[in-house]
Amino acid sequence: MSEIAERVKKIVVEHLGVEADKVTEQASFIDDLGADSLDIVELVMAFEEEFSVEIPDDAAEKIATVKDAIDYIEANKG
Amino acid sequence: MRRVVVTGLGLVTPLGGDVETTWKNILAGKSGATQITRFDASDQKCRIACEVKPPEHEYGFDPNLRVDHKVQRQVDPFIIFGIDAAGQAIEDAGLEHADEATRMRFGCSIGSGIGGLPGIEKESLVLAEKGPGRVSPHFVHGRLINLVSGQVSIKYGLMGPNHAVVTACSTGAHSIGDAARMIRDDDADIMLAGGAESALCPLGIAGFAQARALNMSSNDAPEKASRPYDKDRDGFVMGEGAGVVCLEEYEHAKARGAKIYAEVVGYGLSGDAYHVTAPHPEGLGAYNAMQMALKKAGMVPADIDYINAHGTSTMADTIELASVKRLFGDAISTVSMSSTKSAIGHLLGGAGAVEAIFCILAMRDQIVPPTINLDNPDEGTEGVDLVPHHAKKRKVKAVLNNSFGFGGTNASIVLKAMD
């Protein structure tokens with residue numbers, strides 16, 4: 001697992017209060033990890049802080065799974 | 001008329017994370033005051049408080065018992081305390097798995113005096129330093145006063161009235177009184193009612209200190225700082241925590257074989273119409289609230305065995321006492337009156353509910369809690385049993401609980417043991 005993926009998962013575990021082994025790359029934030037739309041706003045903010053990356057609203061709306069987040073950060077990280 | 005009884009209790013206080021631990025420490029005459037550990041208070045005029053203790057402490061509070069990890073991250077401490085105290089009360093009443101029909105008639109009235117001040121302070125710094133795009137999406141609903149009632153209703157599926165009182169330091173008493181009326185008026189059969197508070201942050205301490213309301217002379221002896229009725233009292237000690245009772249219509253409680261602690265028989269409310277922080281000098285508002293509560297209860301002063309005073313350890317203590325003396329007349333010689341704020345500080349919006357629970361426990365155990373630190377009683381205290389230093393065994397069949405708040409808002413409740 002990449003270093004970015006590890007850090008993403010750590011943030012998800014901390015913010016959503018879920019077991020680490022549930023945070024697979026395929027896991028959907030809403031369907032599998034119990035997040036609501038506000039939790040996703042908060043997660044996106046945390047990713048922006050952690051990786052010094054801007055995630056605009058239209059891109060944030062497309063982030064549905066852990067893998068979506070990792071892919072976006074890997075592609076856009078400065 | 002529909003009668004209202006108490007069938008469950010819940011407490012989170014500086015002397016315990018539950019009812020029995022708190023009560024044991026109150027009766028033992030302990031103090032919950034320490035130097036402030038929650039934040040660096042070295043530049044504050046007041047550096048002491050009665051903090052709710054961490055889980056590893058002998059009488060600490062464990063937020064993980066009843067509050068979801070995710071919720072803990074999103075909300076201010078007063079909401080965490082309130083959810084836990086409400087959970088204790090609903091479990092004590094045996095109603096945490098109530099069916100849907102019961103939950104349709106089961107509501108919440110848990111208020112706060114100030115609400116999420118620590119979170120407002122913290123997030124305003126985020127706004128100033130990092131800009132609006134970094135403000136938490138949970139900022140608003142993690143700080144709002146009615147979100148104790150909101151969170152509790154979601155957690156337990158309570159679909160009855162959802163309400164929250166905001167009357168400064170009278171909040172807890174008004175919450176119980178108003179919720180009892182909702183049951184009496186047939187809006188609900190069961191209500192969780194009480195108050196929660198945590199304004200323990202630099203802004204909260206500085207604000208009350210600047211208003212000259214806090215003790216600032218005992219920073220090196222915190223456990224001696226709260227001394228209601230003592231000549232040397234000079235300000236309250238900030239507390240935090242929550243108290244919640246489960247109120248229930250009497251026939252409903254009886255039909256399900258519930259344990260019944262007490263009956264809510266009287267409720268009085270008034271306004272001082274005098275000053276924003278100082279009480280009316282003759283205690284007129286306090287007198288009117290107490291008188292109304294007794295009248296509604298169909299009682300005379302001689303029927304009251306114990307008064308849990310507002311008694312914050314400020315100059316206002318003797319004003320309250322004078323109005324009690326005026327109302328009680330000769331009956332003052334048979335009543336005991338104490339301020340448990342001497343032990344746990346002032347829980348502001350939580351105070352009235354926490355103290356109502358102490359009144360109920362006094363009736364259950366036939367013992368009244370002490371006013372600690374009352375070494376040199378002030379002038380005007382003579383002839384009144386203020387229960388100095390030590391708890392006292394005595395008959396307790398009916399109690400009066402006083403709460404007064406900034407803005408000149410007063411509430412008194414009368415509770416009675418079941419026959």
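Visitor: What should I know before we start?

Guide: This is a predicted model, where local features need pLDDT of at least 70 and side-chain atom pairs count only at pLDDT 80 or more, while totals for chains, interfaces and linings use all residues. Residues are numbered from 1 along each chain as its sequence is written, chains are lettered from A and ligands numbered from 1 in the order in which they are written, and side-chain values use heavy atoms, with hydrogens and water left out.

Visitor: What makes A:S37 count as buried or exposed?

Guide: Buried means under 20% relative accessible area, exposed over 50%, and partly exposed in between (1.4 Å probe, protein chains only). A:S37 has 53%, so it is exposed. The residue lies in helix α2 (residues 37–51) of chain A; helices here are DSSP runs of H or I with at least four residues, strands are runs of E with at least two, and both are numbered from the N terminus. UniProt, in an unreviewed entry, annotates A:S37 as "modified residue: O-(pantetheine 4'-phosphoryl)serine". Such annotations may be inferred rather than shown by experiment, and their positions follow the numbering used here, with feature names shortened.

Visitor: How do you know that A:E50 forms a salt bridge with A:R7?

Guide: The term asks for a side-chain nitrogen of Lys or Arg within 4 Å of a carboxyl oxygen of Asp or Glu. For A:E50 and A:R7 the closest N and O atoms are 2.9 Å apart, so by the definition this pair is a salt bridge. A:E50 sits in helix α2 of chain A and A:R7 in helix α1 (residues 3–16) of chain A, so the pair ties together parts that are 43 residues apart in sequence.

Visitor: Which salt bridge has its closest N and O atoms 3.7 Å apart?

Guide: That one joins B:R73 and A:E14. It crosses between chains, from helix α2 (residues 69–74) of chain B to helix α1 of chain A. At 27% relative accessibility B:R73 counts as partly exposed, and A:E14, at 42%, counts as partly exposed too. There is also a network of salt bridges linking A:E48, A:E49, B:K130 and B:R134.

Visitor: Why are β5 and β10 of chain B said to stand at the edges?

Guide: Ten strands of chain B form an open sheet with mixed pairing, in the order β5-β4-β6-β7-β1-β8-β14-β13-β9-β10. β5 (162–163) and β10 (336–338) each have a single partner strand, so one side of each is left without a neighbour in the sheet.

Visitor: How do you know that β8 and β14 of chain B pair?

Guide: Two strands pair if DSSP finds at least two bridges between them. β8(B) and β14(B) have 8, in the antiparallel sense, so they meet that definition.

Visitor: What makes β14(B) largely enclosed?

Guide: 7 of its 8 residues are buried, so the rest of the structure largely encloses β14(B). This strand also forms a hairpin with β13(B), with 3 residues between them.

Visitor: Why is the phi of B:V387 worth a look?

Guide: Most residues other than glycine have a negative phi. B:V387 has a positive value, near 50 degrees, and is a residue other than glycine. It is found in the loop between β11 (367–368) and β12 (392–393) of chain B. With a relative accessible area of 2%, B:V387 is buried.
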